[in-house]
Amino acid sequence: MAPKHPLEQGGLPTGGPAKKAKLGNDEDVEMPDAEDEVPRTPGAGLFDPSVDPEALDPIPWLDEYEEFSTDPTTSTDPPFPTDYADVPDESDPAMTLEDIDYTDPNLPFDIPFVEHSKDESADQNSPIPGSSPPTVSGAARVISKIKSSVSWMSKSGQINPFDLKIYIPFYKESEPDKDMLLKKFKRVDNLDKETHGNAEQGWIGVNEALGEGGQGCARLFVKLDKEGKIVDRIAVKETYESAATWLSTGFWHEYREGKDPREAIIHRLLSLETEQKWERHIIDYRGHSINHKNKSHRTYMEYVDGGDLHKLFRAQNKKYTHINKHDGDGTPRRDTDGAEGVPEAFVWYFLRQMATAMHRMNNIPLRAYREYHVVHQDIKPANIFLGRCDPNEFPLYPIMKASRSCVYLADFGSARLTSELDNRNPRGYRGDARTPGYIAPEMSSAMQRRNSWTRLGSATNVWQIATTAVQMMRGNLPDVIEYNQKREPAHPTLGDLRSGNEYSNELVNLLAEMLHPDPDSRANCQDIMNAYVENREVWLEMADPNVARNFETSNLWLHWREGDGKWGIGTVFENPERSEDFRAREAKRLKRVADD
Ligand SMILES: Nc1ncnc2c1ncn2[C@@H]1O[C@H](COP(=O)(O)OP(=O)(O)O)[C@@H](O)[C@H]1O
Ligand SMILES: [Mg+2]
């Protein structure tokens, strides 16, 4: 196969107008002081590590992933993938990021929302045919009643003891037992019927969790044909909310209170197909459902098996520690000895893919969303997933999206759909989950007060992507910036960014532009694409399959390896652990029956 190169395919950038970050100011309003630079859970007040252990270490089971740390000089594994059978021959991305033409009458107006009702037995949003999601009509009304009473009470300033007697028990009772729900979800082995047994048909749960935190858990489910072969697979993320979050408007998509969580709709909007395939670096959304009783919601999505960047960094550099790990005295652990950054070509490849994903966030292909764009707010290594390699370009590096090996942006739990008219931006976003070290200047309350409440926008995404890139170059944590209302934040110096590693001036300069403290002065998605193309001599070798495959192990190697093909489409499903687990439970049950 003749190598397809992005430059041959997509052409050179025209430098045409790129959509700028949508930013604006609104009038200064006094707000109580709040420290934004602590992680929080959405809408649920201050972060509490006992409730959200994930914020301390998002991937407690990281050690299981030491297998990524294959030493390329001793490994017997092939250094690059050999089987490209399932990689579709897609055209390469264009390097010019033009905006969607919103005047095109063929552009759909809005997504069809599914109206749930008592008699409705199937959720059309769910990928599982015939499944019975919770019905919501009654519960939505209850929610709105409680909300209006609570808001009336707080407005009138009259909260009398009698009301409290009614509401406090309600709040308490309605607070779900997350541990119990999590345990239950981890035991679901047939998604259609939510059974806990040794399912052999339908959507079967694969034993281990993909990722787990205090707020929820992601699991892989596979669909089998009659012969027991895997024909489809989905990742299901189940998240548990507090009653306060469940009753807050901000948790739901606008005008869809009690029906569709914001996270799910944003994910759905970003997965919509565009002619330019910009969505290929966003994890594909396949459905969602909610459960009022448990205050839980699920997103069904594409499964990718290459891990996430956080795990990659660990593999790349044994000394890498997560930002939330602390020494005894509370200072973040920053052991940089022996830190090893990733190859420069990979950084460029990452930036190109993320520029596409960010551009997609500025271009929702529906006329109703013309004025809207998405601010992710929690871009960081653990939320960037890796897929298969694209054999046609960067054959040794993981890419992002759809059965190809790429980098995908995911986890829209903190994402906001915003516009110039959004009067909650930025003040209404302060309770959203964020990660220290990834707080852009305009996200901090100190800078918001200093700079007349500059809005969060596309430039905020750019800043977080650049911080992730700097982290991959250092092989270590980003700096936690102490923002001070009395002075402008410092623009990181080129020396800081390079931090002793051998990266080109061009890359470091681009990152400096992406990290400009003033969002209006930051590089935008097209600037990133332009720099990528202009600096092709740095990454060209690694992008050319004929050259890259001849590389002996060298410092161009990335300590990454493709998923092991387990649970691949077309393979016969085996879930021995579950069988054992099942047998143990069966034995217990039978014993109980016998004892009775
Ligand atoms: N679609 C998926 N494919 C593969 N792994 C996934 C998928 N979704 C989640 N994971 C794994 O689970 C972890 C947590 O998922 P995420 O969506 O980031 O949820 P959270 O809000 O709990 O951080 C991720 O870091 C990733 O390792
Ligand atoms: Mg996450």
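Glu-263 counts as buried, at 10% relative accessibility; buried here means under 20% relative accessible area, exposed means over 50%, and partly exposed lies in between (1.4 Å probe, protein chains only). Lys-237 also counts as buried, with 19% relative accessibility. The side chains of Glu-263 and Lys-237 meet in a salt bridge, 3.0 Å from N to O. That pair links distant parts of the chain, with Glu-263 in helix H6 (residues 262-271) and Lys-237 in strand S3 (residues 230-240), 26 residues apart. Helices (H or I, at least four residues) and strands (E, at least two) are DSSP runs, numbered from the N terminus.

This is a predicted model, in which local features need pLDDT of at least 70 and side-chain atom pairs count only at pLDDT 80 or more, while totals for chains, interfaces and linings use all residues. Side-chain values use heavy atoms, leaving out hydrogens and water, and residues are numbered from 1 along each chain as its sequence is written, with chains lettered from A and ligands numbered from 1 in the order in which they are written.

Searching the whole structure turns up 15 salt bridges, each one a side-chain nitrogen of Lys or Arg within 4 Å of a carboxyl oxygen of Asp or Glu. One of them joins Asp-260 and Arg-256 at 2.6 Å, N to O, and both of these residues are buried.

Then there's Asp-595, which pairs with Lys-591, their closest N and O atoms being 3.3 Å apart. Because they sit 4 residues apart in helix H16 (residues 576-595), about one helical turn separates the two. Asp-595 is exposed at 56% relative accessible area, and Lys-591 is exposed at 53%. Elsewhere, salt bridges with shared partners join Lys-237, Glu-263 and Asp-411 into one network.
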